[in-house]
Amino acid sequence: ARRLFSLFERHGSSDYIGEPMSITEHSVQTANAALKAGETDMAVLACLLHDVGHLCGLEAGHAPGMGGCGTPDHERIGADFLGALGLPQDIAYLCHHHVGAKRYLCATVPGYEERLSEASSVTLQHQGGPMSPAEVAAADADPRWPLVLRMRRYDEAGKDPHAAATSPRDFEAPLRAALRASVVQQLDAAAASPLAYPLSP
């Protein structure tokens, strides 16, 4: 948890990919939108952390790509980073696919692409554009996809430059609980694995 809060504290004040707010403001607003909608702690945390890949890019000293709008492939970078920290796979999955939700909606909802903000339109061109019919079919077959699409709605709601300021640390308790539960689950799975080595007498 300290690692994540450190990223927000050191790099979260950076502009959010061309929008009139910081990465931290956008991330917290997105999480609050999910919380207000009654989503689970897992979904709320995924909303808080969905753009952590941009923070990783800033920490690494990379100049913004995608036409100056952020870290290319930030969704995969963020998902890999969250998985490496030991967070639940569901959070990493949602982080990984939040860009896919935008691509899906551009392909399936008439007029959606035209309503994107300027920054979101720019990044779309670097993210593969609207999904192909095969990609849409694969997304529709995933039982987790409705939650991914709801995350996109919260993502869009998290762009209010006049919203009251809040902090990522407001979510510290559920974040620590998710980390603990994930570590216990991984330890239990390792202990049950037939590849686990018994201790020598």
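**Stop 1: around helix H1**

Helices here are DSSP runs of H or I, at least four residues, numbered from the N terminus.

The model is predicted, so local features need pLDDT of at least 70 and side-chain atom pairs count only at pLDDT 80 or more, while totals for chains, interfaces and linings use all residues. Residues are numbered from 1 along each chain as its sequence is written, and side-chain values use heavy atoms, with hydrogens and water left out.

Now select residues 2-11, which form H1: Leu 4, Phe 5, Leu 7, Phe 8 and His 11 are buried. Down the axis of H1 these buried residues fall within an arc of 160°, so they line one face of the helix; the arc is that of the directions from the helix axis to the C-beta atoms. Arg 2 and Glu 9, on the other side of H1, are exposed.

**Stop 2: Leu 4**

Show the contacts of Leu 4 (heavy atoms within 4.5 Å). Leaving out residues up to four places away in sequence, Leu 4 touches Leu 49, Val 52, Phe 81, Leu 82, Leu 85, Leu 87 and Leu 175.

**Stop 3: helix H5**

Select H5, where His 74, Glu 75, Gly 78, Ala 79, Phe 81 and Leu 82 are buried. Their arc, seen down the axis of H5, is within 165°, so they line one face of the helix. Just after H5, Gly 86 has a positive phi of about 95°.

How values were computed
Buried < 20%, exposed > 50% of the residue type's maximum accessible area, 1.4 Å probe, protein only. Helix = DSSP H or I, 4+ residues; strand = E, 2+ residues; numbered from the N terminus.
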